[in-house]
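Please keep the model open while working through the numbered points.

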Amino acid sequence: IGFNAPQVVCVGAVKAAVVYVNNEPLQIQNLIDSGGCGSVTNIIMFPVAVAADMVSNGIVTNEDTLNGNPELVRAFVAAFDHGLRDVINNPAQAYLLSAPYIEGLPLPDDFKAALETAVNDQVDWLAATPDATRAEIAQSRAELLDRLKQDFDGTTLLQFEVLLSSIEMWDADQLGYTDPQSWQLTADTLVQMGSLDAEPDLTGSYTNDFLPIAR
């Protein structure tokens with residue numbers, strides 16, 4: 001059975017739900033702002049990461065490939081790192097490139113034109129500011145969203161805001177770095193929940209050795 005958290009919350013079927021922090025809260029807030037969420041007038045989020053920094057998504061391979069073809073692994077990780085940096089630095093470009101592959105992604109002609117302008121402006125700004133800091137690039141994303149909100153409604157902007165929210169979770173000085181403490185906490189939690197009978201050997205579960213040098 002499918003579970004659509006925004007709809008379920010807005011009809012009052014549940015008082016709380018476990019959701020993806022970068023997605024459903026934005027959808028619910030959009031419904032609230034448009035008057036489509038019944039008696040619900042605000043939402044309160046309790047991000048799990050605030051209480052427990054656990055392991056999330058990552059790149060997975062097998063030991064044969066890791067040991068037998070390390071250059072392939074290094075090249076794949078470098079390509080992924082490059083792509084992720086491009087998304088972080090120019091989200092409008094990422095949105096437009098993704099549109100042909102995501103069914104139903106909002107992209108009316110006027111919104112597409114606005115994003116195309118934003119892409120070119122960001123390319124020019126990055127070229128003129130090659131030493132831009134993470135904070136400055138984050139500010140450029142925030143300013144873009146502010147500009148778009150002047151011309152487009154929440155429904156049109158929703159998925160672009162989801163992308164920006166996701167970027168805030170991905171962005172880091174060293175992309176892709178996995179913290180040993182996060183792995184330990186994750187293992188401890190899974191054992192306490194009964195999902196694992198015993199704690200696994202974490203030393204062979206992950207590696208940071210193939211990450212590109214932090215920029």
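1. Contact here means heavy atoms within 4.5 Å. The model under review is a predicted one. Of the contacts in the protein chain with a separation of 6 or more, 63% are accounted for by residues 24 or more positions apart.

2. Overall composition. The secondary structure of the protein chain comes to ten helices and zero strands. Read from the N terminus on, the elements run α-α-α-α-α-α-α-α-α-α. The C-alpha trace spans about 50 × 50 × 30 Å along its principal axes. The protein chain has 215 residues, and buried residues make up 27% of them.

3. Helix H2 and its cover. Helix H2 comprises residues 24–33. Its buried residues are Glu24, Pro25, Ile28, Asn30 and Ile32. What covers these buried residues includes helix H1 (5–10) and H9. Just after H2, glycine 35 takes a positive phi of about 80 degrees.

4. H2 against H9. How are these two helices oriented to each other? The angle at which H2 and H9 pack is about 155 degrees, and their axes are 9 Å apart. An angle over 145 degrees counts as roughly antiparallel, and H2 and H9 are therefore roughly antiparallel to each other. H2 passes H9 in a right-handed crossing. On the H2 side, the residues that meet H9 are Leu26, Gln27 and Asn30; on the H9 side, they are Gly154, Thr155, Leu158, Glu161, Val162 and Ser165. Sorted by class, this contact has three nonpolar, five polar and one charged residues.

5. Glycine 154. Is glycine 154 buried or partly exposed? Its relative accessible area is 30%, so glycine 154 is partly exposed. Glycine 154 and leucine 31 are 123 residues apart in sequence, yet their C-alpha atoms are 8.8 Å apart in space.

6. H6 against H9. Helix H6 (residues 91–98) also packs with H9, at an angle of about 120 degrees and with the axes 11 Å apart. That angle makes H6 oblique to H9. The crossing of H6 and H9 is right-handed. From H6, Pro91, Ala92, Ala94 and Tyr95 make the contact; from H9, the residues are Thr156, Gln159, Phe160, Leu163, Leu164 and Ile167. By class, the contact has eight nonpolar, two polar and no charged residues.

7. H7 against H8. H7 and helix H8 (residues 134–149) pack at an angle of about 155 degrees, with their axes 12 Å apart. The two helices are therefore roughly antiparallel to each other. H7 passes H8 in a right-handed crossing. In H7, Phe111, Ala114, Leu115, Ala118, Gln122, Trp125 and Leu126 take part, and they meet Glu136, Ile137, Ser140, Leu144 and Leu148 in H8. The contact of H7 with H8 has nine nonpolar, two polar and one charged residues.

8. Aromatic pairs. How many aromatic pairs does a search of the whole structure find? The search finds five. In one of them, the ring centres of phenylalanine 111 and phenylalanine 160 are 6.5 Å apart and the planes stand at 85 degrees, so the pair is edge-to-face. This pair links distant parts of the chain: phenylalanine 111 is in helix H7 (residues 109–128) and phenylalanine 160 in helix H9 (residues 154–170), 49 residues apart. Phenylalanine 111 counts as buried because its relative accessibility is 0%. Phenylalanine 160 is likewise buried, with a relative accessible area of 0%.

9. A stacked pair. Tryptophan 183 and tyrosine 206 form a stacked aromatic pair, 5.0 Å centre to centre with 15 degrees between the planes. Tryptophan 183 lies in helix H10 (residues 180–193) and tyrosine 206 in the segment after H10, so the pair ties together parts that are 23 residues apart in sequence. Tyrosine 206 counts as partly exposed, at 24% relative accessibility.

10. The aromatic cluster. Which residues form one aromatic cluster? They are Tyr95, Phe111, Phe152 and Phe160.

How values were computed
Residues are numbered from 1 along each chain as its sequence is written. This is a predicted model: local features need pLDDT of at least 70, side-chain atom pairs count only at pLDDT 80 or more; totals for chains, interfaces and linings use all residues. Side-chain values use heavy atoms; hydrogens and water are left out. Rings of Phe, Tyr and Trp (its six-membered ring) pair if their centres lie within 6.5 Å; planes under 30 degrees apart count as stacked, over 60 as edge-to-face and the rest as tilted. Helices (H or I, at least four residues) and strands (E, at least two) are DSSP runs, numbered from the N terminus. Buried means under 20% relative accessible area, exposed over 50%, partly exposed in between (1.4 Å probe, protein chains only). Axes are lines fitted to C-alpha atoms, for helices over the stretch in contact, and angles run from 0 to 180 degrees between N-to-C directions. Angles under 35 degrees count as roughly parallel, over 145 as roughly antiparallel, 65 to 115 as roughly perpendicular and the rest as oblique. A crossing is left-handed if the near helix is turned anticlockwise from the far one by less than a right angle, and right-handed if clockwise. Ala, Val, Leu, Ile, Met, Phe, Trp, Tyr, Cys and Pro count as nonpolar, Asp, Glu, Lys and Arg as charged, and the others, Gly among them, as polar.
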